[in-house]
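Hi,

Here is the structure I promised to pass on.

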Amino acid sequence: MAQDYRFHHLAIIAKSYDETVSWYCRHFGFSVAQEWSAPDMLPGARMCYLRKGSFYMEIIGDGEKAGHHAVAADPGQEYQITGYRHFALEVDDVDAAVAALAAGGVPAFFPPTDLDVVGVRAALVRDPDGNAVELIQWL
């Protein structure tokens, strides 16, 4: 029998656990579903699952860091750096979502744009560590 693979979560390593958890809860309506630590594996780190509907994000923050990830200087470079680049949240109105985020101090670094080739309107914002979050609306 074929295995049924289902998405479980996306993990982000954060410089500041509190700042990152607060940011995702405040701006996107996530809530903390579970918190824990694993001192033998990640000394000083704090972890949680944030939940929004059936979508989970794992935040791993504080503790020691071994390096940093590459953050694109502009939207064009966003798609020239290998590795994880962004995750997307679907919204009913990208322009309204971008305006609300901007009013809350989160500017778009890629403004709302129609991407007719895939039939969406999209914009990008960054979290406190520079991770890109795409806002997407079907056209």
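Two strands count as paired if DSSP finds at least two bridges between them. Strands themselves are DSSP runs (E, at least two residues), as are helices (H or I, at least four), and both are numbered from the N terminus. With that in hand, Phe 110 stands opposite Leu 124 in strand 7.

Some housekeeping before the rest. This is a predicted model, so local features need pLDDT of at least 70 and side-chain atom pairs count only at pLDDT 80 or more, while totals for chains, interfaces and linings use all residues. Residues are numbered from 1 along each chain as its sequence is written, and side-chain values use heavy atoms, with hydrogens and water left out.

Back to the strands. Strand 7 (residues 120–126) pairs with strand 6 in the antiparallel sense, over five bridges. There is an open sheet of four strands in the order 5-8-7-6, with mixed pairing. Its edges are strand 5 and strand 6 (108–115), each of which pairs on one side only. On average, neighbouring strands of this sheet are turned by 20° against each other, direction ignored (axes are lines fitted to C-alpha atoms, for helices over the stretch in contact, and angles run from 0 to 180 degrees between N-to-C directions).

Strand 4 (residues 55–62) has two partners to look at. Strand 1 (residues 9–14) runs parallel to strand 4, joined by six bridges, and Ala 14 stands opposite Gly 61 there. Strand 3 (residues 45–52) runs antiparallel to strand 4, with eight bridges, and Tyr 49 has Glu 58 as its bridge partner. The hairpin of strand 3 and strand 4 has two residues between the strands, and Gly 53 takes a positive phi near 65° in this hairpin.

Now for two arginines. Is Arg 121 buried or exposed? Arg 121, which lies in strand 7, is buried, with a relative accessible area of 17% (buried means under 20%, exposed over 50%, partly exposed in between, using a 1.4 Å probe and protein chains only). Leaving out residues up to four places away in sequence, Arg 121 touches several others, including Asp 95, Asp 114 and Gln 137 (contact means heavy atoms within 4.5 Å).

Arg 85 sits in the loop between helix 2 (75–78) and strand 5 (86–90). Arg 85 counts as buried because its relative accessibility is 14%. Beyond its neighbours within four places in sequence, Arg 85 contacts Ala 70, Val 71, Ala 72, Glu 78 and Ala 132.

On a 1 Å grid over the protein atoms alone, a cavity is a set of points where a 1.4 Å probe fits but cannot get out, a pocket is an open set with protein on both sides within 12 Å along at least five of seven lines, and lining residues have an atom within 4 Å of a point. The largest cavity holds about 40 Å³ of space, where volume is the space filled by probe spheres set on the points, and grid points are joined across faces, edges and corners.

Finally, the second largest pocket has a volume of about 180 Å³. Helix 1 (17–28), strand 5 and helix 3 (94–103) are the elements that give two or more residues to its lining. Among the lining residues are His 27, Lys 52, Glu 90 and Leu 101.

Cheers
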